[in-house]
Amino acid sequence: MALAQPPATPRFAGSIRLAARQFPRHRAAMVGLVCLVLICLAAALAPLIAPYDPVQIKLSAKLKPPSFEHLLGTDHFGRDVFSRLLYGGRTSLSVGLLVVAFAFVLGVPLGLASGYFGGRTDNLLMRLVDAFLTFPPLLLAVALVGLLGPDIQNVMLALGLVQAPVLARMVRGSTLAVREEVYVTAARALGAGPGRIVISHLLRNVVSPIIVQLTVVFAAAVVAEASLSFLGFGTQPPQPSWGRDMSEARRFLGDAPWMFLAPTGAIMLCVLSINFLGDGLRDALDPRAWRTRRAVEPDKR
Amino acid sequence: MALLAIRNLRTRFATDRGTVRAVDGVSFDLAEGEVLGLVGESGSGKSVTALSVMRLVPEPPGQVTADSMSFDGIDLLRLSEAQAREVRGASMAMVFQDPMRSLNPVLSIGRQLVEVLQRHQKLDRPAARRRAIELLEMVGIPLAEKRLAAYPHQFSGGMRQRVMIAIALSCNPRLLIADEATTALDVTIQAQIVDLVKRLTRERGTSVIWISHDLGVVANLCDRVNVMYAGRIVESAPIRDLFHRPSHGYTLGLLGSTPRIDGPALRRLSPIEGLPPNLIDPLPLCPFLPRCRVSVAACRERAPERRDLGREHWASCFAELNQRTP
Amino acid sequence: MTALLQVDDLRVHFGPAGAPGTVKAVDGISFSVERGRTLGLVGESGCGKSTTGYAILQLVRPTTGRVLYGGTDLCRADATALRRLRRKLQIIFQDAHASLNPRMPIGDLVGEALDIHGLYKGRARAGRIHELLDLVGLAGHLIERYPHELSGGQAQRVAICRALAVEPELIVCDEPVSALDVSIQAQIVNLLQDLQERLGLTYIFISHDLSVVRHMSDQVAVMYLGKIVEMAGKNEIYAAPAHPYTKALMSAIPVPDPDSEAQRQRVILAGDLPNPANPPSGCRFRTRCPIAIEACAATDPPPHDISTSHWAKCIRLAEGR
């Protein structure tokens, strides 16, 4: 059989490429992605973009409405709200990312192991997870932070620990479902060992709901950090934080609504973007949408 | 006058790959008391034809048009949704392949039967209950009164299909459409159900459209057969003529692909090579041409017309076929 | 010819041992298959034929019994030995699409079979994949496709391709064509036969469709509720079925010939399959059997030899009916 060098078979990256191709069809998701990217860029470039020092107090300029000089006005200490927003974003977004990372590293292997091995392993791990889940998440985070100290790192740890069990449960559920699929049995019949089955088959098919769930975790983390700051944990004054700024803005709602609206708006925009992104990802990762070429040509015989 | 008369039915679906011509110019008549077989494989359009007749095709994305489609004097195309619902169940009924999907799993069988009876026959509950028990007995379900309270999952596949038949026949429809009704059943259960349908429809004079890809069941049950391919009827014949004088390349191919338990044990089947047809952009030639073994020169030049073969037998095929099947 | 595979008193019970309500899906099956031949395992839903196929391959753990392959008992093989033996015994499933990971392109699916056993590594891999696809009649460019882009017939060919990739000796075919259109069915059946001739394969062909089995098999075993009720060479069983269940099964199969259909005497079985968790005592078929007598409830009938290669489990056969 004369063959020129046959094309390399696409690996896992290929499916990501295909998924990426599907993505632009989902308009809301594209908008979400763009927004999120802009928000992240703005936060990352805060030192360059921010017109003022976020902690610089200038009592003569306090509670000024939005103007050319202060795009989003000033707060009760005369600090530029826009600059505080940008720097505050750094905190919120990095918390989001790190919490996601924590939850992933803790929750996914737990869920996979539980789902795949079943039996006593499953029982043990899930009882552990249940223990965590009996606590209201925010309260648990508060308790942990109270125990460890109110720094931002502890907040991230606490939030991660709180989100991990939820993720683990979800991953376990998906794993259980996928484990029973015929293609897993087929792989076993070929002689595949547990390692190959977990990575090539289980993980690959569980990754889509995981990614979607991670976007939820991200959004929840951003909101949770805001809540914790609101309550007084996490970022300490005078560091900017969306949550803390919201908390301080309450008193001035009547006089200077922009103080409150800015961080609230930022959180809303962030969470919405992430949610839309998650929707788009969920659709894009559905293999039934993947099409490598226009039509399936006939076989040889 | 024919009970059902269809002329040039076309059903299309708008998809993101183009317009799928699921049914592409189907015309046939169905007489009172006749059992008509609609034979073909996936993509032949047989199920969509039935759904179009029943006005069950969602429009959009579907679009059902025809020169005429009349049932018992009623113009089916002009019916509003409400009117169609009246006709469905009362005059026309359909039984599907998977009874588990057609029955509501959280309602008891009795409840589902009674609902249909109350709606179409306007019976009160006690009368409807009595009738429901009668119907279950008619389809051969033992201990009918007790089984009224049972749920679909408590029945076996064959029993569920009997219940579906009971529901379908409950309002004495003039037309029963069975879409692969026995395909999912074991062969011994299939024999029971086919027997039941034969008996019931003969007793009541119901016309039947029996949709199947199983030529054996069709040979047992039907008076006439329309063979469909790519949304069109390619051959139509009385039952014996179809098997003794198959006159279309596809019919021949189907017969050759079908394994049998009678006759000599052939070691090899004669499959139809290739893949099912493309319903989006058909060429103006015979849709079966790419897979046909008996094509002639004319097939590559123009679309085949209907050739009358006498005795109500016609086929859209240029090849002069008229052989006994092997 | 010596038997390639021998199954002795295989039993697969689901549920706690001894408890009422234990489903005895496979309850004492014994047979052997010779190299290069096809054994057809037929029966209707619930008879245990698919479970038998899975149990032979240890995809479902048998409760008791032996599965001897080349002298080794698969039921007692350790993980390493079993892995090695997996190369020799393969399976193709009824739902071809379900047996292919929807997120893996065809090339990877076939390649996986090679990778698991370390066959054709490095540069030879791609070429071998193309060879295998060619063997089952699939065009090479399909390696980039995903399973949902393939038709039922193509998907089944991919599944066959994967099974062949490990170079097996025996393939269990679990209803491989039941979900396919008749013309595609015929293509796949022919393909399986071609492969058998070319590669000297042995098949256990599981199906409820006696017509297809007739084409594929050399020997046929009929199952009912977990037991084999009749076994014979192909010609004998179709010409002269002995067991009343086999007779009913044969008579129920419709034949595409309206004349013979009109004349046929059908044996219509009464009722439904009994609950497998609570099968009838004695002969399991007696509740639906047209010729059952009182003695049938007493014990499970032993195999009655009708000829050297044909036996059936029915006490009434001994009467010389």
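Against which helices do the buried residues of helix 3 of chain C pack?

Good morning. The structure before you is a predicted model. The predictor assigns the complex an ipTM of 0.87 and a pTM of 0.83. For chain C, the mean pLDDT is 90, and 98% of the residues of chain C reach 70 or more.

Let us begin with chain C as a whole. Its secondary structure amounts to 10 helices and 12 strands. Of the 321 residues in chain C, 52% are buried. If we take the contacts in chain C between residues at least 6 apart in sequence, 62% of them link residues at least 24 apart.

I turn now to helix 3 of chain C. This helix is mostly covered, with 10 of its 11 residues buried. Among these buried residues are Ile106(C), Leu109(C), Val110(C) and Leu114(C), and also Asp108(C) and Glu112(C). Here is the reply to my opening question: the buried residues of helix 3 of chain C pack against helix 4 and helix 5 of chain C, and against helix 8 (182-190) and helix 9 (194-231) of chain A. After helix 3 of chain C comes Gly118(C), which has a positive phi, near 65 degrees.

The partners from chain A lead us to the contact between chains C and A. That contact draws 42 residues from chain C and 33 residues from chain A. On the side of chain C that touches chain A, the elements giving two or more residues are strand 6 (89-92), helix 3 (106-116), helix 4 (124-135) and helix 5 (152-165) of chain C. Helix 3 of chain C contributes the most to this side, namely 6 residues. Sorted by class, the side of chain C that touches chain A holds 17 nonpolar, 12 polar and 13 charged residues.

Chain C also meets chain B. Here the contact takes 39 residues from chain C and 39 residues from chain B. At least two residues each come from helix 6 (182-199), helix 7 (210-216), helix 8 (234-239), helix 9 (244-252) and helix 10 (258-263) of chain C. The largest share on the side of chain C that touches chain B is that of helix 6 of chain C, with 8 residues. By class, this side has 18 nonpolar, 12 polar and 9 charged residues.

Finally, let us consider a sheet in chain B. In what order do its 8 strands lie? The order is 7-8-9-3-10-11-13-12, in an open sheet with mixed pairing. Strand 7 (92-95) and strand 12 (307-308) of chain B are the edge strands, each pairing on one side only. Strand 11 (residues 232-238) and strand 13 (residues 314-315) of chain B run antiparallel and are joined by 2 bridges. Within this pair, Ser236(B) is opposite Trp314(B) of strand 13 of chain B. Helix 1 (residues 46-53) of chain B packs on the sheet, where it touches strand 3 (35-39), strand 7, strand 8 (175-179), strand 9 (207-212) and strand 10 (224-229) of chain B. The direction of helix 1 of chain B makes about 145 degrees with that of strand 9 of chain B.

Thank you for your attention.

Key: Residues numbered from 1 in each chain as written. Chains lettered and ligands numbered in written order. Predicted model: local features only at pLDDT ≥ 70, side-chain atom pairs only at ≥ 80, totals over all residues. Contact = placed C-beta atoms within 7 Å. Helix = DSSP H or I, 4+ residues; strand = E, 2+ residues; numbered from the N terminus. Nonpolar A, V, L, I, M, F, W, Y, C, P; charged D, E, K, R; others polar. Pairing = 2+ DSSP bridges. Axes fitted to C-alpha atoms, helices over the stretch in contact; angles between N-to-C directions. Buried ≥ 20, exposed ≤ 12 C-beta atoms within 10 Å, placed from the backbone. pLDDT = per-residue confidence, 0-100.
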